[in-house]
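Please open the structure in your viewer and keep the selection tool at hand.

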Amino acid sequence: MCGRFSEHIDNLRQWEDILAGWPRLQATRRNVAPTQSIHLLRAGHKGGHEREPGGEPGWAQARWGLVPRWSREAAPRYATFNARLEEVAGKPSYRGAWRGAQHALIPAGGYYEWRLEQGAKQPYFLHAAQGGPLVFAGLWEERVDADSGEITLSATILTRAARPPQDALHHREPVLLEPAMARQWLRGGADAQAALPEAPTPALQWYRVSPRVNNARNEGAELTAPI
């Protein structure tokens, strides 16, 4: 799963063309938590609730935690920051975004996972073994408030059963994309969705970090430093 991540990216490396325009100066947080604002690159659309196939992708800021367009509340009472890939097509909260191919790329410098050690949850920071960003596969949605007309853009990160060796940390993992699959995901369509379960996971490395990351109010470069 993915319940906390870092938006700080030092070098885009092989992602320069796909993530051109990445908001380097704005995306510097090291401890992003659900319900907070995140940066994403979403598949081309023409505004409102209609996606325009073949449209140019665009950068946006979104609430991390998808709010279905039909939701009566601006903030669902249940967690929607992760969506299980094997269930997403049938879940009411995500079904509209999935059917509409409202795909998004969510870049990260890395993400956190926790493992029970000596009776306490020890956080680990996972990052790309070759450097550069990790890119999550996500879905976006827009909800229009019935009273004010305000539009809320929100998003979720897709997850799947963890593969070795990441399964040593947690039984779930975010769906991470390599550049070729990321391009296909942005183009949208049934082919991209069908290919996602078998998309290869980029090589990762991880290490222990300070328990200070457990508090979403804490920030700073020291949170991603090994201990």
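Among the elements around the second largest pocket, strand β4 (residues 82-84) gives the most to the lining, with three residues. The model on display is a predicted one.

Next, select the whole lining of this second largest pocket: Met1, Ala79, Phe81, Asn82, Ala83, Arg84, Glu87, Lys91, Tyr94, Thr159 and Arg172. By class, five of these residues are nonpolar, two are polar and four are charged. The space that the second largest pocket holds is about 210 Å³.

From there, move to Glu173, which is found in strand β10 (residues 172-174). Is Glu173 buried or exposed? Glu173 is buried because its relative accessible area is 1%, and buried means under 20%. Display its side chain and look for two polar contacts: one with the side chain of Gln166, at 3.2 Å, and one with the side chain of Thr201, at 3.5 Å. Leaving aside residues up to four places away in sequence, Glu173 touches residues including Met1, Tyr111, Leu158, Thr159 and Arg160.

Finally, turn to the largest pocket, with a volume of about 250 Å³. Of the 16 residues that line the largest pocket, select His8, Asp10, Gly109, His127 and Gly132, the closest to its centre. Strand β7 (residues 120-128) gives the most to this lining, with three residues. The lining of the largest pocket comprises four nonpolar, nine polar and three charged residues.

Definitions and conventions:
Residues are numbered from 1 along each chain as its sequence is written. This is a predicted model: local features need pLDDT of at least 70, side-chain atom pairs count only at pLDDT 80 or more; totals for chains, interfaces and linings use all residues. Side-chain values use heavy atoms; hydrogens and water are left out. Helices (H or I, at least four residues) and strands (E, at least two) are DSSP runs, numbered from the N terminus. Buried means under 20% relative accessible area, exposed over 50%, partly exposed in between (1.4 Å probe, protein chains only). A polar contact is a pair of N or O atoms within 3.5 Å; within protein, one must be able to donate a hydrogen and the other to accept it, and residues adjacent in sequence count only if both atoms are side-chain atoms. Contact means heavy atoms within 4.5 Å. On a 1 Å grid over the protein atoms alone, a cavity is a set of points where a 1.4 Å probe fits but cannot get out, and a pocket is an open set with protein on both sides within 12 Å along at least five of seven lines; lining residues have an atom within 4 Å of a point. Grid points are joined across faces, edges and corners, and a volume is the space filled by probe spheres set on the points. Ala, Val, Leu, Ile, Met, Phe, Trp, Tyr, Cys and Pro count as nonpolar, Asp, Glu, Lys and Arg as charged, and the others, Gly among them, as polar.
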